[in-house]
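Let's work through a few exercises together, with the model open beside you. Try each task first, then follow the solution step by step.

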Amino acid sequence: MTNQGYYLPGLYVREGSIPVPLDWAGSEPGVWRAEDHSDQAVIRCFYRVVCAPEHIHDDLPLLVYLQGGPGSGAPRPLNATADGWMAEALRHFRIVLPDQRGTGRSSAIDGSTMVSLGEPRAQADYLKHFLADSIIRDFEHLRRTIFAGRPWVTLGQSFGGFLTMAYLSNFPQGLAAAFTTGGVPHIPADAYELYSHTFTKMAQRSQTFYQRYPGDQDRVAAIADRLAQGDVVLPGGDPLSVERLQTLGADLGKSGGFERLHWLLDTAFLDGDGSLPATGASSSRATLSQAFLEGVRAATTVTPLYWPLQEFIYADGDCEPLRWAGQRVRDARPEFDTAARPLMFTGEAIFPWMFEQESALRPFGPAVSLLMEEGSWGHLYDPDRLADNQVPLQAAVYADDLYVPSELQLDTLSRVGHAHAWVTNEFEHDGLHGDRVFAHLYRLALERGDLEGLFPTRG
């Protein structure tokens with residue numbers, strides 16, 4: 001850890017990084033040392049530790065935040081209250097915010113990295129080291145080397161819940177307790193099964209959106225008709241296709257997503273009053289506003305590793321190749337065709353066209369295509385160990401979760417020892433970022449005695 005700390009409003013922050021092997025095969029977290037493996041590829045694991053200023057010298061338990069994603073770094077807090085869960089956690093914990101490998105300041109990857117690696121096979125082999133099996137080993141190594149092996153509490157949001165289940169399967173001794181929010185994977189993992197659920201939910205969510213904003217059904221159809229001409233370009237030069245328009249639906253599973261999409265569509269057409277273009281031949285040449293195009297670009301642009309890794313988070317051990325599971329499910333659902341009306345929105349799924357149309361993703365395309373045919377991956381989950389789990393696990397399961405279906409989460413939790421589910425329909429998938437979800441989970445765990453021993457002075 002660096003010696004120099006600094007302050008943000010309501011926060012004291014210290015930073016550090018440690019070397020970790022690119023490939024953990026044959027190495028043990030806490031034992032591996034870079035100086036003993038000079039011939040091994042090494043990357044960096046960066047982390048921040050934050051606490052309330054009044055707790056700088058207090059011996060607080062550790063809470064490590066497992067970020068959603070994949071391909072996303074830890075949050076960069078603006079202040080102590082900007083993210084609801086953090087405001088509550090700061091009252092009880094010292095918070096560790098590690099950047100998952102390949103993100104933030106942990107040897108970040110983008111398209112230029114792929115180009116530098118050369119051939120697609122080398123690129124694919126490299127990318128395979130940036131999934132959950134490697135991430136949890138980085139964090140366990142961090143715990144053992146920097147935090148003296150002290151067990152910590154995990155808080156896993158979305159993909160962070162997937163990391164939690166992998167952590168419980170491989171290094172349960174490192175955890176004192178675990179919280180997950182909208183992030184319990186179905187075990188055994190099956191991408192096709194997952195997308196079969198989420199595409200059904202997206203069709204329902206699309207219909208609900210049109211029922212709430214009936215004028216948007218015709219507006220979306222008119223936009224799609226215009227895009228079908230194939231000559232609309234986003235700021236930055238990428239084409240705006242009907243398929244990319246449909247991916248705006250990914251926001252419909254988050255708080256305020258319906259409203260954000262409605263107001264984005266409201267700005268679509270430059271001519272007239274912005275409601276709809278004139279009918280007939282001229283409608284196919286209607287002008288889409290620059291404000292709308294910039295809004296679509298911003299709404300459909302994510303961190304560089306998010307889409308390249310997305311489908312592979314469902315690959316566990318020796319399994320059938322994924323072979324674009326999301327696209328295969330979509331192909332079996334004609335209501336998601338680009339020519340269908342009303343136009344259905346798609347959610348959290350990757351498709352081959354993304355790696356052709358989006359310049360930021362294009363360098364990843366050949367490697368991702370190779371990985372879609374892979375049938376051997378790192379082992380993530382141990383059903384027997386999870387059944388005998390002794391680490392208290394408190395999960396927030398959102399009944400209407402658009403990304404991690406509640407029915408699949410609950411099925412998994414029914415087979416995990418010491419697991420408790422709080423099922424609620426009050427929140428969307430991003431409910432953790434309000435001020436109620438973590439506070440409620442913490443209170444449930446405290447009342448159950450799951451945090452006993454963490455706070456010895458509290459009786």
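**Exercise 1. Find what covers the buried residues of helix α10, and which residues face away from its buried side.**

Start with the cover: α7 (215–227), α8 (242–246) and α9 (257–266) are among the elements over the buried residues of α10, where contact means heavy atoms within 4.5 Å. Helices here (H or I, at least four residues) and strands (E, at least two) are DSSP runs, numbered from the N terminus.

Next, look at α10 itself, residues 290–299: Phe292, Leu293 and Val296 are buried. They share one side of α10, because they cover an arc of only 100° around the axis; the arc is that of the directions from the helix axis to the C-beta atoms. An α-helix has 3.6 residues a turn, so residues three or four places apart point the same way.

Finally, turn to the opposite face, away from the buried side: the exposed residues Gln290 and Ala291 sit there. Buried means under 20% relative accessible area, exposed over 50%, and partly exposed in between (1.4 Å probe, protein chains only).

A word on the basis: this is a predicted model, in which local features need pLDDT of at least 70 and side-chain atom pairs count only at pLDDT 80 or more, while totals for chains, interfaces and linings use all residues. Residues are numbered from 1 along each chain as its sequence is written, and side-chain values use heavy atoms, with hydrogens and water left out.

**Exercise 2. Describe the sheet: its strand order, its edges and the helices that pack on it.**

First, trace the order. Nine strands make an open sheet, β1-β2-β3-β5-β4-β6-β7-β8-β9, with mixed pairing; two strands pair if DSSP finds at least two bridges between them. The edges are β1 (6–8) and β9 (419–424), each pairing on one side only. From one strand to the next, the twist averages 25°.

Second, zoom in on one pair. Strands β4 (residues 62–66) and β5 (residues 94–98) run parallel and are joined by three bridges. Val64 stands opposite Val96 in β5.

Helix α16 (residues 406–413) lies across β8 (393–398) and β9, at about 160° to β8. For these angles, axes are lines fitted to C-alpha atoms, for helices over the stretch in contact, and angles run from 0 to 180 degrees between N-to-C directions.

**Exercise 3. How many salt bridges does the structure hold, and which parts does the Glu15 and Arg48 pair tie together?**

Begin with the total: there are 28 salt bridges, each a side-chain nitrogen of Lys or Arg within 4 Å of a carboxyl oxygen of Asp or Glu.

Now take Glu15 and Arg48, whose side chains meet at 2.9 Å, N to O. Because Glu15 lies in strand β2 (residues 11–21) and Arg48 in strand β3 (residues 42–51), the pair ties together parts 33 residues apart in sequence. Glu15 counts as buried at 12% relative accessibility, and Arg48 counts as buried at 12% too.

Then look at Arg448 and Asp450, which meet in a salt bridge at 3.4 Å, N to O. Arg448 is partly exposed at 36%, whereas Asp450 is buried at 14%.

To finish, locate the network of salt bridges that links Glu28, Glu140, Arg143 and Arg144.
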